[in-house]
Amino acid sequence: MFKQKEYQEFINSLSDNFNEMRLKLISKMIVEYKISLVNIFEIQIKDLLKYDFQKIIIVRNNKIITYEIDKKMNDTFQK
């Protein structure tokens, strides 16, 4: 398990290439937004576009789970 400092160093070490940006995004969603890995794979791009990258909506087992996206994460999504 990463400590906060190690996590920050890891995130900062990732470049802006496509694969590393995906890794950064998934890492941030798990650590900062506490989104479970299972739910991450339920995220639909059409929903991100619908809500202008302001929130994540996940429908799973007839439950609706909503995560608000802050400005910093919003910028990461749109890169």
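Modeller: This is a predicted model. Phenylalanine 41 sits in the loop between helix 3 (37-40) and helix 4 (45-50).

Biologist: Is phenylalanine 41 buried or exposed, and why?

Modeller: Exposed means over 50% relative accessible area. Phenylalanine 41 counts as exposed because its relative accessibility is 62%.

Biologist: Which residues form a nonpolar patch on the surface?

Modeller: The patch consists of Ile30, Val31, Leu37 and Phe41, which together have about 370 Å² of accessible area. Isoleucine 30 belongs to helix 2 (residues 18-31). With 35% relative accessibility, isoleucine 30 counts as partly exposed.

Biologist: How many residues are in the largest nonpolar core?

Modeller: A core of this kind joins buried residues through side-chain atoms within 4.5 Å. Here the largest one has 12 residues, among them Leu25, Met29, Ile35, Ile40 and Phe53. Helix 2 and strand 1 (55-60) are the elements that give two or more residues to this core.

Biologist: What is isoleucine 40 in contact with, leaving aside its neighbours within four places in sequence?

Modeller: On that count, isoleucine 40 is in contact with Ile26, Met29, Ile30 and Ile35.

Biologist: Which side chain of opposite charge is nearest to lysine 24?

Modeller: That is aspartate 16, 4.6 Å away. A salt bridge needs a nitrogen-to-oxygen distance within 4 Å. Lysine 24, which lies in helix 2, is buried yet has no salt bridge. Apart from neighbours within four places in sequence, lysine 24 is in contact with Ile11 and Leu14.

Methods: Residues numbered from 1 in each chain as written. Predicted model: local features only at pLDDT ≥ 70, side-chain atom pairs only at ≥ 80, totals over all residues. Heavy atoms only, no water. Patch = residues over 30% accessible without salt bridge, like charges linked within 9 Å, V, L, I, M, F, W, Y side chains within 5 Å. Areas by Shrake-Rupley, 256 points an atom, 1.4 Å probe, with all protein chains shown as cover. Helix = DSSP H or I, 4+ residues; strand = E, 2+ residues; numbered from the N terminus. Buried < 20%, exposed > 50% of the residue type's maximum accessible area, 1.4 Å probe, protein only. Contact = heavy atoms within 4.5 Å. Lys, Arg positive; Asp, Glu negative; His and termini not counted.
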